[in-house]
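Hi,

Here is the structure I promised to pass on to you. Have it open while you read, and I will walk you through what turned up.

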Amino acid sequence: MRVRDVAARLPFVSEQFIGKRLAQMHADGLVTRADDRHGAPYQLSGFGNSLSSVHRALSDWSQAHLPLDKVAGAERVEDAVHRLHLHHSTAVIQVLDAGGPARFVHIAEQARLESSFTRQQLIRLQLDGLVTRTGPRHGAPYVLPDAGRALGPVYAAVERWSNPVASPRPAAAPVAAATRTHTGIPLGSDGIRTAAALRRSTAAPSFLFSHAPQPQPRVPTAVTARSAPSRGR
(Lines give C-alpha, C1' and ligand atoms only; values in the text may rest on other atoms or scores of the structure.)
Protein backbone atom coordinates (compact mmCIF):
# COMPACT_ATOMS: atom_id res chain seq x y z
CA MET A 1 0.00 0.00 0.00
CA ARG A 2 1.10 3.54 -0.69
CA VAL A 3 1.12 6.16 2.05
CA ARG A 4 -2.11 7.68 0.78
CA ASP A 5 -3.77 4.24 0.76
CA VAL A 6 -2.90 3.70 4.42
CA ALA A 7 -4.07 7.24 5.25
CA ALA A 8 -7.43 6.51 3.60
CA ARG A 9 -7.91 3.59 6.01
CA LEU A 10 -6.91 5.74 9.02
CA PRO A 11 -8.71 9.08 8.57
CA PHE A 12 -7.96 10.10 12.17
CA VAL A 13 -4.18 10.12 11.45
CA SER A 14 -2.56 12.64 9.12
CA GLU A 15 -0.96 11.42 5.90
CA GLN A 16 2.27 13.22 6.82
CA PHE A 17 2.48 11.35 10.14
CA ILE A 18 1.81 8.01 8.45
CA GLY A 19 4.58 8.75 5.93
CA LYS A 20 7.06 9.42 8.74
CA ARG A 21 5.99 6.30 10.64
CA LEU A 22 6.34 4.08 7.56
CA ALA A 23 9.78 5.56 6.86
CA GLN A 24 10.86 4.68 10.42
CA MET A 25 9.37 1.19 10.13
CA HIS A 26 11.28 0.77 6.86
CA ALA A 27 14.53 1.77 8.60
CA ASP A 28 13.76 -0.77 11.34
CA GLY A 29 13.15 -3.54 8.81
CA LEU A 30 9.43 -3.92 9.63
CA VAL A 31 8.27 -2.97 6.12
CA THR A 32 9.87 -3.18 2.68
CA ARG A 33 9.56 -1.33 -0.66
CA ALA A 34 10.08 -2.63 -4.16
CA ASP A 35 12.19 0.45 -4.96
CA ASP A 36 13.08 3.86 -3.53
CA ARG A 37 11.13 6.00 -6.00
CA HIS A 38 8.70 8.55 -4.59
CA GLY A 39 5.30 7.02 -3.91
CA ALA A 40 6.48 3.41 -4.08
CA PRO A 41 4.19 1.15 -2.02
CA TYR A 42 5.11 -0.47 1.29
CA GLN A 43 4.41 -3.98 2.49
CA LEU A 44 5.12 -5.86 5.69
CA SER A 45 8.45 -7.68 5.75
CA GLY A 46 8.71 -11.16 7.22
CA PHE A 47 10.15 -9.54 10.35
CA GLY A 48 7.22 -7.13 10.60
CA ASN A 49 4.69 -9.86 9.92
CA SER A 50 6.16 -11.86 12.81
CA LEU A 51 4.94 -9.12 15.18
CA SER A 52 1.46 -10.64 15.00
CA SER A 53 2.29 -12.98 17.89
CA VAL A 54 3.38 -10.01 20.03
CA HIS A 55 0.24 -8.07 19.10
CA ARG A 56 -1.94 -11.05 20.05
CA ALA A 57 -0.20 -11.40 23.42
CA LEU A 58 -0.59 -7.68 24.15
CA SER A 59 -4.24 -7.68 23.06
CA ASP A 60 -5.09 -10.78 25.10
CA TRP A 61 -3.43 -9.33 28.19
CA SER A 62 -5.23 -6.03 27.67
CA GLN A 63 -8.61 -7.73 27.22
CA ALA A 64 -8.18 -9.65 30.47
CA HIS A 65 -6.65 -6.96 32.69
CA LEU A 66 -7.11 -3.39 31.39
CA PRO A 67 -10.45 -1.59 31.86
CA LEU A 68 -10.64 0.06 28.43
CA ASP A 69 -14.29 -0.80 27.67
CA LYS A 70 -14.93 -1.66 24.02
CA VAL A 71 -12.05 -0.38 21.88
CA ALA A 72 -10.31 -1.62 18.75
CA GLY A 73 -7.68 -4.30 19.11
CA ALA A 74 -5.01 -2.00 17.68
CA GLU A 75 -5.86 0.61 20.32
CA ARG A 76 -5.50 -2.00 23.06
CA VAL A 77 -2.06 -2.93 21.72
CA GLU A 78 -0.99 0.72 21.65
CA ASP A 79 -2.23 1.30 25.21
CA ALA A 80 -0.46 -1.82 26.48
CA VAL A 81 2.81 -0.74 24.84
CA HIS A 82 2.53 2.70 26.47
CA ARG A 83 2.21 1.03 29.88
CA LEU A 84 5.11 -1.36 29.34
CA HIS A 85 7.70 0.86 27.62
CA LEU A 86 8.52 2.89 30.76
CA HIS A 87 12.31 2.82 31.18
CA HIS A 88 13.42 0.13 33.69
CA SER A 89 9.83 -0.95 34.40
CA THR A 90 10.74 -4.51 33.44
CA ALA A 91 13.43 -4.62 36.13
CA VAL A 92 11.00 -3.36 38.79
CA ILE A 93 8.33 -5.89 37.79
CA GLN A 94 10.92 -8.69 37.82
CA VAL A 95 12.03 -7.83 41.37
CA LEU A 96 8.44 -7.91 42.63
CA ASP A 97 7.68 -11.12 40.76
CA ALA A 98 10.77 -12.86 42.16
CA GLY A 99 10.57 -11.60 45.75
CA GLY A 100 6.94 -10.80 46.48
CA PRO A 101 5.91 -7.69 48.47
CA ALA A 102 8.82 -5.27 48.83
CA ARG A 103 9.41 -1.69 49.92
CA PHE A 104 10.75 0.72 47.35
CA VAL A 105 14.22 0.79 48.95
CA HIS A 106 14.54 -2.97 48.50
CA ILE A 107 13.28 -2.72 44.91
CA ALA A 108 15.82 0.02 44.14
CA GLU A 109 18.63 -2.07 45.64
CA GLN A 110 17.69 -5.24 43.76
CA ALA A 111 17.17 -3.42 40.45
CA ARG A 112 20.29 -1.28 41.01
CA LEU A 113 18.40 1.98 40.47
CA GLU A 114 18.52 5.27 42.35
CA SER A 115 15.90 5.43 45.12
CA SER A 116 14.29 8.65 43.87
CA PHE A 117 14.10 7.26 40.34
CA THR A 118 12.55 4.01 41.61
CA ARG A 119 9.92 5.89 43.59
CA GLN A 120 8.91 7.80 40.46
CA GLN A 121 8.70 4.61 38.42
CA LEU A 122 6.57 2.91 41.07
CA ILE A 123 4.15 5.85 41.11
CA ARG A 124 3.84 5.61 37.35
CA LEU A 125 3.43 1.83 37.40
CA GLN A 126 0.70 2.20 40.03
CA LEU A 127 -1.17 4.65 37.80
CA ASP A 128 -0.86 2.16 34.94
CA GLY A 129 -2.27 -0.67 37.06
CA LEU A 130 0.88 -2.82 36.91
CA VAL A 131 1.91 -2.38 40.57
CA THR A 132 -0.09 -1.84 43.76
CA ARG A 133 0.58 -1.56 47.49
CA THR A 134 -0.38 -3.98 50.25
CA GLY A 135 -2.08 -1.24 52.28
CA PRO A 136 -2.83 2.50 52.49
CA ARG A 137 -0.31 3.34 55.20
CA HIS A 138 2.91 5.17 54.38
CA GLY A 139 5.72 2.77 53.59
CA ALA A 140 3.43 -0.15 52.77
CA PRO A 141 5.23 -2.66 50.51
CA TYR A 142 4.58 -2.86 46.78
CA VAL A 143 3.26 -6.00 45.13
CA LEU A 144 2.16 -7.14 41.67
CA PRO A 145 -1.60 -7.17 41.04
CA ASP A 146 -3.19 -9.68 38.66
CA ALA A 147 -2.31 -7.50 35.66
CA GLY A 148 1.38 -7.47 36.61
CA ARG A 149 1.55 -11.19 37.35
CA ALA A 150 -0.11 -12.00 34.03
CA LEU A 151 2.64 -10.36 31.97
CA GLY A 152 4.53 -13.63 31.48
CA PRO A 153 3.08 -14.46 28.03
CA VAL A 154 3.64 -10.87 26.87
CA TYR A 155 7.32 -10.86 27.80
CA ALA A 156 7.71 -14.35 26.34
CA ALA A 157 6.22 -13.23 23.02
CA VAL A 158 8.52 -10.18 22.86
CA GLU A 159 11.52 -12.34 23.75
CA ARG A 160 10.76 -14.87 21.01
CA TRP A 161 10.18 -12.12 18.45
CA SER A 162 13.42 -10.32 19.34
CA ASN A 163 15.51 -13.49 19.21
CA PRO A 164 17.83 -13.15 16.17
CA VAL A 165 17.90 -16.93 15.68
CA ALA A 166 14.15 -17.41 15.76
CA SER A 167 13.35 -14.20 13.85
CA PRO A 168 15.95 -13.46 11.15
CA ARG A 169 15.62 -10.06 9.55
CA PRO A 170 17.39 -7.94 6.95
CA ALA A 171 20.05 -5.54 8.16
CA ALA A 172 18.62 -2.19 9.28
CA ALA A 173 20.19 1.16 8.53
CA PRO A 174 22.77 2.07 11.19
CA VAL A 175 21.76 4.59 13.84
CA ALA A 176 24.47 6.91 15.12
CA ALA A 177 25.41 6.95 18.80
CA ALA A 178 23.20 3.95 19.61
CA THR A 179 24.26 1.02 21.76
CA ARG A 180 22.77 -2.43 21.42
CA THR A 181 21.53 -3.93 24.67
CA HIS A 182 19.86 -6.91 22.97
CA THR A 183 21.35 -8.04 19.67
CA GLY A 184 18.05 -9.19 18.19
CA ILE A 185 16.43 -5.74 18.24
CA PRO A 186 16.75 -3.15 15.44
CA LEU A 187 18.25 0.16 16.50
CA GLY A 188 15.41 2.43 15.38
CA SER A 189 13.45 4.43 17.96
CA ASP A 190 10.92 1.65 18.58
CA GLY A 191 13.74 -0.90 18.78
CA ILE A 192 15.49 1.11 21.48
CA ARG A 193 12.28 1.18 23.53
CA THR A 194 11.91 -2.58 23.16
CA ALA A 195 15.54 -3.06 24.17
CA ALA A 196 14.93 -1.00 27.31
CA ALA A 197 11.93 -3.17 28.14
CA LEU A 198 14.06 -6.31 27.84
CA ARG A 199 16.86 -5.25 30.17
CA ARG A 200 17.11 -7.43 33.25
CA SER A 201 17.89 -6.63 36.86
CA THR A 202 20.24 -8.70 39.04
CA ALA A 203 17.31 -10.42 40.73
CA ALA A 204 16.91 -14.18 40.34
CA PRO A 205 14.92 -15.41 37.33
CA SER A 206 11.23 -15.96 38.03
CA PHE A 207 8.06 -17.07 36.27
CA LEU A 208 8.00 -13.92 34.17
CA PHE A 209 11.69 -14.15 33.31
CA SER A 210 12.83 -17.73 32.90
CA HIS A 211 16.16 -16.83 31.26
CA ALA A 212 19.33 -15.53 32.87
CA PRO A 213 19.14 -11.86 33.96
CA GLN A 214 21.61 -9.25 32.81
CA PRO A 215 23.27 -6.61 35.06
CA GLN A 216 21.30 -3.38 35.37
CA PRO A 217 23.43 -0.19 35.26
CA ARG A 218 22.77 2.32 38.02
CA VAL A 219 21.00 5.45 36.82
CA PRO A 220 22.97 8.64 37.60
CA THR A 221 21.32 11.18 39.89
CA ALA A 222 21.62 13.82 37.15
CA VAL A 223 19.38 11.69 34.94
CA THR A 224 16.79 10.90 37.59
CA ALA A 225 16.47 14.59 38.43
CA ARG A 226 15.21 15.19 34.89
CA SER A 227 12.77 12.28 34.94
CA ALA A 228 9.10 13.13 35.38
CA PRO A 229 6.28 10.60 35.99
CA SER A 230 4.08 11.71 33.10
CA ARG A 231 2.85 9.90 30.02
CA GLY A 232 1.93 11.48 26.72
CA ARG A 233 -0.90 9.84 24.81
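Is the crossing of α7 and α8 left-handed or right-handed? The crossing of these two helices is right-handed. A word on that term: a crossing counts as left-handed if the near helix is turned anticlockwise from the far one by less than a right angle, and as right-handed if clockwise. The residues that make the contact are Phe104, Ile107 and Ala108 of α7, together with Ser115, Thr118, Arg119 and Leu122 of α8. Contact here means heavy atoms within 4.5 Å.

Before going further, please keep in mind that this is a predicted model, where local features need pLDDT of at least 70 and side-chain atom pairs count only at pLDDT 80 or more, while totals for chains, interfaces and linings use all residues. Residues are numbered from 1 along each chain as its sequence is written, and side-chain values use heavy atoms, with hydrogens and water left out.

**The whole chain**

The protein chain has twelve helices and four strands. Helices (H or I, at least four residues) and strands (E, at least two) are DSSP runs, numbered from the N terminus. Of its 233 residues, 40% count as buried. Buried means under 20% relative accessible area, exposed means over 50%, and partly exposed is in between (1.4 Å probe, protein chains only). The accessible surface of the chain is about 12,700 Å², and carbon and sulfur atoms hold 56% of that. These areas come from the Shrake-Rupley method with a 1.4 Å probe, and for residues only the protein chains shown count as cover. Among contacts with a separation of 6 or more, 55% are between residues 24 or more positions apart.

**The start of the chain**

Leaving aside neighbours within four places in sequence, valine 6 is in contact with Met1, Ile18 and Leu22.

Now compare lysine 20, which is found in helix α2. Lysine 20 counts as exposed because its relative accessibility is 55%. C-alpha to C-alpha, lysine 20 and valine 3 are 9.5 Å apart in space and 17 residues apart in sequence. In the loop between α1 (3-9) and α2 (15-27) you will find serine 14, which counts as partly exposed at 41% relative accessibility.

**Pairs of packed helices**

Two packed helices are described by the angle between their axes and the distance between the axes. The axes are lines fitted to C-alpha atoms, for helices over the stretch in contact, and angles run from 0 to 180 degrees between N-to-C directions. Angles under 35 degrees count as roughly parallel, over 145 as roughly antiparallel, 65 to 115 as roughly perpendicular and the rest as oblique.

- Helix α4 (residues 52-65) and helix α5 (residues 73-84) pack at about 85 degrees, with axes 8 Å apart, and are therefore roughly perpendicular. Residues that meet there include Trp61 in α4 and Val77 in α5.
- Helix α6 (residues 89-99) and helix α7 (residues 104-111) pack at about 115 degrees, with axes 9 Å apart, and so are roughly perpendicular too. α6 passes α7 in a right-handed crossing. On the α6 side, Ala91, Val92, Val95 and Leu96 meet Ile107, Gln110 and Ala111 in α7.
- α7 and α8 pack at about 110 degrees, with axes 9 Å apart, and are therefore roughly perpendicular.

What is the phi of histidine 88? It is near 70 degrees, a positive value in a residue other than glycine. Histidine 88 is in the loop between α5 and α6, and at 4% relative accessibility counts as buried. Arginine 112, in the loop between α7 and α8, also has a positive phi, of about 60 degrees, although it is not a glycine. Arginine 112 is partly exposed, with a relative accessible area of 34%.

Helix α8 (residues 115-127) has 13 residues and reaches 19 Å from first C-alpha to last, close to the 18 Å expected. That expected span is 1.5 Å times one less than the number of residues. Buried residues in α8 include Phe117, Leu122 and Leu125. Just after α8, glycine 129 takes a positive phi of about 80 degrees.

Happy exploring!
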